[in-house]
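User: Hi! I'd like to get to know this protein model a bit. Could you walk me through it?

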Amino acid sequence: MRPCAPERSRPPADGRSAAPARRRRRLYLGDRRQGSGPPEPYYVDAVMLAPGIACTEEPLESVTGGTARPYWQRRHDGVPDTWLTTKALQKTVLPVAEALRRARGREKDRRPAGGLSFTGYAAQLVDQLGQVPSGRALTAAVPKLLPVPAPGTGRHDGGFRELDPAGGTPRPAGDIRVLIANAGRDLRSTAVVPRDAEAAQDGRGSCAVIGLPYATVLQLGGVTDAFLWSPVVMLASLLCHATHTLAGAYDTSPVTVPRTLTPGAFGTYATTRSAAVALGDETALRHAVLGASGVSFLHADTFLQLPAFEAASRTARTFRDALPAEAAGLAKAYDETAVTRSTVWRLNESAVAREFGYKPRKSHEQSGQRDYSQRTLLVEPKELVADKNLVDSPYSAWAKGKVGAPHAFSGLKDSWERWWESAMYLDYLFSPVKATVNAVTGGAVPSIVVNPVKNLYRLANAGRMVAHYAGAEKPAAMDKAPLRAAEEAVNRVPVRYDAHAQTVDTASVDRLLQAVRDVKDAQAAVAGGLPPAYMRERRLRTPGEAAGWAAQKIVLPAVLEMTPYVSTAATGLRIATPHVVAAVPRERRDAARRLVREAYLRS
């Protein structure tokens, strides 16, 4: 038997009051082979942070047995390196800031997370989630999401087991739904791992292991527009994924969604449907659920339900309805589970970020961002909540000693962005001709002349947007007969329950789950992958709303994109006017001047 890991937290060294004692658990994670010996029971120490949420100091690889699936869909190759600008700042600005802090007596402990243990770090993030409405709702949803009994066992224990103090086999730890494990100091190790990948997707539900990076934050953007992905928002995103697995609606189907609808910055990225839902960006959500062909720019779509979560809720309701009268307590718990399953998808990362006053991410994979880096957090997470400027100004936080130096990822950017980023350096070659163009045009320098590659990039993105929507596949015609038949079949499946043993008949659960899977298949078949009409509200925009939407999303961006080209055409016309007039015979010059003037005014 594997011994418990020692307690790694330390008492506060500065006289602060210690955190309240939390209930400790010893979880059994199966039998594992240690070296060449026979398999032995594997246990880890865990601490309860909130109802349904536990945390362990053990590494993620040990908890999952090395089967963790990355949170990111993109590959992150190589070792994060230090930017050239970062090295320059380390030699100039930062030593001065460090000296000023020492001179003013502001030098603090520079250990990661202010010296917190991993458990203390995770506990502080969970407590911070309780400060905003969406965070409270997210943590409150975790203990309400009961799994449907697994075929072959008949139990509803949630997937974790713990050591029985009285001896014997490990007993179910039904009150633990999510286990937070230490993913180390590299953001590439971030993960959400269902205990049962099949149950997480077929409506039964599975508990999950979260791989949370310790004292590491993600920086997005360059020097002028950088901001941090706050650790509390990161944990919210991971918990959103975990609630999808608990609900049995975890959808890893690949989807392609746009990062923005602005023509000059348009681009798409590959992600999963659950990731798009957990992100909470409306553009990504609509495209992930409806597809590019199902998004109507003249309609305002509001989702009332999502198919996977509705099917998962149906599973819980059907199981609850089939329970006998003597299982009233269990039936009441599954009533709450059914309601939570149908609504938990509304909780997302973006809502939590906005309620904290942070800038939400627009892309789950950071698509379209020029620069990415990770920094070490040198203070407790609560300091980022107390001072929002530390999140909005990472370089200022770095100078104050709140975060470490940025280390850039490699392999993050797609080939399109990487190619154009390299090509834009050619724009510097056009800077020397600025004076010449000024002299010729009388001081009017069109931006297309000074930054031609950048403007070609914007034009190419607009072309990609047109091609993306023009080539989108149309949904199939709807036929509701298969869906009605499948829904009726679910309601006819009985589930037998043994009140004495508190187990259900395995065969009856198998039949129920197969009937629910038939409903999901029928939904996809009748709507070509779109959710049924009763799951969304499609409201036709009024003429004023449609005009306002078109002006904001299409007309204004198009005008901004075309301004350099119109300016170039006007400048060329102004330059060419004297030459055109000079080439016209004298007796026709008055008419020629009038025609040129009219053409110029029209442009």
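Analyst: Happy to! Keep in mind that this is a predicted model. Let's begin with helix 6, residues 231–246, which has 16 residues. From its first C-alpha to its last, helix 6 reaches 22 Å, close to the 22 Å expected at 1.5 Å a residue.

User: What follows helix 6?

Analyst: Gly-248 follows helix 6, and the phi of Gly-248 is positive, near 75°.

User: Now helix 9. How far does helix 9 reach from its first C-alpha to its last?

Analyst: Helix 9 covers residues 307–321, 15 residues in total, and reaches 21 Å, close to the 21 Å expected at 1.5 Å a residue.

User: And why do you call helix 9 largely enclosed?

Analyst: Because 11 of its 15 residues are buried, helix 9 is largely enclosed by the rest of the structure. Among the buried ones are Phe-309, Glu-310, Arg-314 and Phe-319.

User: Which strands pair with strand 6?

Analyst: Strand 3, residues 52–59, pairs with strand 6 in the parallel sense over 5 bridges. There, Gly-52 stands opposite Ile-176 of strand 6. Strand 8, residues 208–212, is also joined to strand 6 by 5 bridges, and these two run parallel. In that pairing, Ile-180 stands opposite Ile-210 in strand 8.

User: Which way do side chains point in a strand?

Analyst: In a regular strand, they alternate between the two faces of the sheet.

User: Which side chain does the side chain of Glu-365 contact?

Analyst: That of His-364, through a polar contact of 3.0 Å.

User: Last one: which residues form the nonpolar patch on the surface?

Analyst: Leu-426, Leu-429 and Phe-430 form the patch, and together they have about 290 Å² of accessible area. Leu-426 lies in the loop between helix 15 (415–423) and helix 16 (434–441). With a relative accessible area of 45%, Leu-426 is partly exposed.

User: Thanks, that helps!

Conventions: Residues numbered from 1 in each chain as written. Predicted model: local features only at pLDDT ≥ 70, side-chain atom pairs only at ≥ 80, totals over all residues. Heavy atoms only, no water. Pairing = 2+ DSSP bridges. Helix = DSSP H or I, 4+ residues; strand = E, 2+ residues; numbered from the N terminus. Polar contact = N/O pair within 3.5 Å; in protein donor to acceptor, adjacent residues only side chain to side chain. Expected span 1.5 Å × (residues − 1). Buried < 20%, exposed > 50% of the residue type's maximum accessible area, 1.4 Å probe, protein only. Patch = residues over 30% accessible without salt bridge, like charges linked within 9 Å, V, L, I, M, F, W, Y side chains within 5 Å. Areas by Shrake-Rupley, 256 points an atom, 1.4 Å probe, with all protein chains shown as cover. Salt bridge = Lys/Arg side-chain N within 4 Å of Asp/Glu carboxyl O.
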